[in-house]
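Please give a short report on this structure. Describe how some of its parts pack together.

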Amino acid sequence: MYRGRFAPSPTGRLHFGSLVAAVASYLDARAHNGQWLVRIEDLDPPREQPGAAKDILNTLEAFALYWDEPVEYQSQRHKRYEERLDQLIAQQRVYACHCTRKQIRESGGVYQNICRNRQHSLKDSVALRFLQQQPITEFCDQLQGKVCFPQAQMAEDFIIKRKDGLFAYQLAVVSDDIDQEITSVVRGADLLDSTPRQIALYKCFQEKPPEYLHIPLAINPDGNKLSKQNYAPAIEAAQARSQLVAALAFLGQATADIPPKASCEEILTIATYQWSRERVPRTRELPCPETT
């Protein structure tokens, strides 16, 4: 069975770009008679905003984007991440790294695996990195087609547990997707270069990766991706209908058959019936439409 998910971080309210990702993942799941799950990726407490997780869930409900199973919170899964980390340590695929961000930035911005053979203790206050043996440099995306990356970029040993003791995104998301039996991941194209790293972890855990579909990003008039860091305006429940239709149009979906006074639930029912992956633009950056 198809199992998809939407996994926002509670660093602020949902904006149009996150609505597009939610709608795309929801419709792809529903069109395949699958299940749609919601996960709150609250891995980084210093970046979280109080009340943001609850606001995100309330907003999804206001847009009639209803999930099928209880919401998962990454902050409640640290024990599971520790178990996955122990698996990698047992495979000798983890090492400690003392390098700072400044040092990496000064050496060109890509970590050169400097600490790989230095045998630092894993018990010190250090970052833990995943040792790449056969880096994944390409994969087939359901929308973008064959996606390739430079060997030097994908050979970088990436962090799976931070120096401050927090688990890093790549390990957490793969652990979550495995345990939730996610079969299809629909998300923004800004995460394209995370996919080869995640596939590498799947191989280590001897698990089959999901299929991936990376949708184009919504950008603001300055050409920057809509994001909470860029102060993208939050979507409003009072404008749910118009913003939902705008999200469908952004995704290249037909909107002409939507009645003028249709509810969000009715809009999503029509959109599910008409959903077409082929209509989604492959362009990775598109201007955000104006909504009223």
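## Helix packing and cores

Helices H8 and H9 are roughly parallel to each other (an angle under 35 degrees). This is a predicted model, in which local features need pLDDT of at least 70 and side-chain atom pairs count only at pLDDT 80 or more, while totals for chains, interfaces and linings use all residues. Residues are numbered from 1 along each chain as its sequence is written, and side-chain values use heavy atoms, with hydrogens and water left out.

Helices here are DSSP runs of H or I with at least four residues, strands are runs of E with at least two, and both are numbered from the N terminus. H8 covers residues 240–250 and H9 residues 264–274. They pack at about 15°, and their axes, lines fitted to C-alpha atoms over the stretch in contact, lie 10 Å apart.

The table lists who makes the contact (heavy atoms within 4.5 Å).

| Helix | Residues in the contact |
|---|---|
| H8 (residues 240–250) | Ala 240, Arg 241, Leu 244, Val 245, Leu 248 |
| H9 (residues 264–274) | Cys 264, Ile 267, Leu 268, Ala 271 |

These residues divide into 8 nonpolar, no polar and 1 charged. Nonpolar here takes in Ala, Val, Leu, Ile, Met, Phe, Trp, Tyr, Cys and Pro; Asp, Glu, Lys and Arg are charged, and the others, Gly among them, are polar.

Next come the cores. A nonpolar core is a set of buried Ala, Val, Leu, Ile, Met, Phe, Trp, Tyr and Cys residues joined through side-chain atoms within 4.5 Å. Buried means under 20% relative accessible area, exposed over 50%, and partly exposed in between, with a 1.4 Å probe and protein chains only. The largest core has 47 residues, and Val 23, Leu 65 and Ile 215 have the most contacts inside it. H8 and H9 each supply at least two of its residues, as do H1 (16–31), E2 (35–40), H2 (52–62) and E10 (211–215). H1 gives the most, with 10 residues. Another core, of 35 residues, lies apart from it; Phe 149 and Phe 158 are among its members.

Leu 65 touches Leu 268, as well as others including Val 23 and Trp 36.

How is helix H7 placed? 9 of the 10 residues of H7 (residues 195–204) are buried, so H7 is largely enclosed by the rest of the structure. Just after H7, Gln 206 takes a positive phi of about 55°.

Gln 239 lies in the loop between strand E11 (217–219) and H8. Gln 239 is partly exposed, at 30% relative accessible area.

Methods. Axes are lines fitted to C-alpha atoms, for helices over the stretch in contact, and angles run from 0 to 180 degrees between N-to-C directions. Angles under 35 degrees count as roughly parallel, over 145 as roughly antiparallel, 65 to 115 as roughly perpendicular and the rest as oblique. Lists of a residue's contacts leave out its neighbours within four places in sequence.
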